[in-house]
Amino acid sequence: MKLGARIFKTGLAIILAIYAARWIGLEPAFFAAISATFAIQPSIYKTYQTIIDQIQANVIGAIIAIVLAVTFGHEPVIIGAGVMLAIGIILKLKLDTSSISLALVTIIIIMGNPDDSFLLFAGERFSLVMLGVLSAFFVNLVFLPPKHETKIYHKTSNLTEEVIRWTRLITRHETNQHSLKQDIPRINESIITLDHLYLLYKEERNYFLKSKFGKARKLVVYKQMIIALKKIHSILRTFDKYENELTHMPESMQKIIREQLDHLTDYHDRILLRYIGKVNTQLTEEMGREINAGKVSMTDSFMYLYDNGDIKREEWLHLLPIVSHIMEYNEQLDHLDRLVESFFSYHQEDNEIHVEDEVDI
């Protein structure tokens with residue numbers, strides 16, 4: 001079993017909330033622990049957004065609980081009415097829906113005590129809930145801050161490597177179809193997770209102008225890395241769909257496609273390695289000539305097949321998506337290469353890459 005950073009931080013937030021409550025003298029301390037579990041988020045900025053919404057929701061919940069309890073008492077029907085009223089107000093104000101749960105906990109905790117010293121009790125319980133929220137915010141801010149840049153690069157690189165490996169196998173007709181059928185949906189889900197990770201990194205705020213501009217340029221590069229990954233994944237899915245048709249293509253055409261994809265995937269791998277400093281130069285002249293020659297040879301051979309009637313029209317139409325995807329993949333790699341070259345050539349004082357050794361993502 002692997003313990004991720006969020007699991008660790010949740011436990012740490014609970015510990016901090018309990019100790020803080022005991023140190024201040026608020027009891028029962030486990031109320032603070034409950035609220036701390038709701039406030040841990042996957043990014044610092046999301047934690048900041050959450051805490052703002054949760055403070056507002058908790059204030060709303062506390063006010064509703066106190067007003068209803070003082071006016072109508074502590075009957076279960078009144079508590080239920082307070083819960084419904086709080087949900088309606090929170091939704092009307094368009095606060096984060098995750099704050100609803102904590103607001104309801106606040107209402108139930110406050111209205112669950114029909115003691116004579118109700119207002120003092122309510123103040124203590126509200127303070128406990130807020131203490132838990134603040135503990136979670138402090139833990140997320142100070143301990144193990146999320147390293148989204150490292151995660152994005154390594155997840156993109158690993159997925160790209162896996163897709164390239166499958167693509168090389170399928171162009172050589174060496175795939176285990178059962179394994180490939182299982183892996184394609186899993187890779188697709190991983191790409192969706194990568195998109196979410198990119199959004200988390202994008203919404204993290206920078207408070208220094210230098211960092212802000214540097215991050216904006218990196219966002220463009222990472223977005224293009226993901227686009228290139230999606231394109232090679234599209235090629236793999238297309239090959240899987242039309243593998244039987246591809247097998248019956250003339251051997252010369254299969255060889256041209258296979259060699260062109262080998263050149264492009266080497267190009268792709270080189271760009272990713274260059275971004276983290278493992279390769280110093282751009283695409284070599286020799287590789288550039290091979291790619292350009294392969295592009296011309298592939299398109300000419302593709303048109304020749306149709307013009308000379310070497311294959312049926314239906315088979316030619318099945319080959320068309322493969323050729324078009326490969327052409328677009330080439331264009332996306334060229335664009336990514338230009339972005340990486342620009343990143344290292346301009347604003348060098350602002351462009352700092354924070355990709356560490358691979359971590360568990």
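**Notebook: a helical chain, predicted model**

I started with H233, which counts as buried at 2% relative accessibility. The model I am reading is predicted. I placed H233 in helix α9. I then listed what H233 touches, leaving out residues up to four places away in sequence: V163, I184, I187, N188 and I191.

**Overall make-up**

I looked up the secondary structure of the protein chain and found 13 helices and zero strands. Read from the N terminus, the order of elements is α-α-α-α-α-α-α-α-α-α-α-α-α. The chain has 361 residues, and buried residues make up 46% of them.

**Nonpolar core**

Which residues touch the most other members of the largest nonpolar core? I found I257 and L319, in a core of 54 residues. The elements giving two or more residues to this core are α7 (148-171), α8 (177-203), α9 (209-241), α11 (251-275), α12 (285-307) and α13 (313-345). The contacts of I257 are then F239, L246, M298, L319, I322 and I326.

**Salt bridges**

A search of the whole structure gave me eleven salt bridges. I went through three of them one by one.

K218 and E149 meet through their side chains, at 3.0 Å from N to O. K218 is in helix α9 and E149 in helix α7, so this pair ties together parts that lie 69 residues apart in sequence. Is this pair buried or exposed? Both K218 and E149 are buried. For K218 I noted a relative accessible area of 5%; K218 counts as buried because that is under 20%. I also looked from K218 towards V340, 122 residues away along the chain, and the C-alpha atoms of the two are separated by 9.1 Å.

R186 bridges to E162, with the closest N and O atoms 2.2 Å apart. This pair also links distant parts of the chain, R186 being in helix α8 and E162 in helix α7, 24 residues apart. R186 is partly exposed at 34% relative accessible area, whereas E162 is buried at 13%.

K231 bridges to E328, and here the closest N and O atoms are 3.2 Å apart. Why does this pair tie together parts that are 97 residues apart in sequence? K231 lies in helix α9 and E328 in helix α13, so the bridge spans that separation. K231 is buried, with a relative accessible area of 10%. E328 is partly exposed, with 33%.

I then looked for salt bridges that share partners, and found R168, R172, D262 and D266 joined into one network.

**Nonpolar surface patch**

I noted a nonpolar surface patch of about 400 Å², made by L16, F138, L141, V142 and F143. Which helix gives the largest share of this patch? I found helix α6 (residues 118-142), with three residues. F143 sits in the loop between α6 and α7. F143 has a relative accessible area of 35% and is therefore partly exposed, as that value falls between 20% and 50%.

**Record check**

I looked at the UniProt record, an unreviewed entry, for "transmembrane region". The record lists residues 12-40, 60-91, 98-114 and 126-144. I compared two of these spans with the model. Residues 12-40 are 79% helix and 0% strand, and the end C-alpha atoms of the span lie 10 Å apart. Residues 60-91 are 91% helix and 0% strand, with end C-alpha atoms 12 Å apart.

Conventions
Residues are numbered from 1 along each chain as its sequence is written. This is a predicted model: local features need pLDDT of at least 70, side-chain atom pairs count only at pLDDT 80 or more; totals for chains, interfaces and linings use all residues. Side-chain values use heavy atoms; hydrogens and water are left out. A nonpolar core is a set of buried Ala, Val, Leu, Ile, Met, Phe, Trp, Tyr and Cys residues joined through side-chain atoms within 4.5 Å. Buried means under 20% relative accessible area, exposed over 50%, partly exposed in between (1.4 Å probe, protein chains only). Helices (H or I, at least four residues) and strands (E, at least two) are DSSP runs, numbered from the N terminus. Contact means heavy atoms within 4.5 Å. Patches are made of residues with over 30% relative accessible area and no salt bridge: like charges are joined within 9 Å, nonpolar side chains (Val, Leu, Ile, Met, Phe, Trp, Tyr) within 5 Å. Accessible areas come from the Shrake-Rupley method with a 1.4 Å probe; for residues, only the protein chains shown count as cover. A salt bridge is a side-chain nitrogen of Lys or Arg within 4 Å of a carboxyl oxygen of Asp or Glu. UniProt positions are given in the numbering used here, feature names are shortened, and annotations may be inferred rather than shown by experiment.
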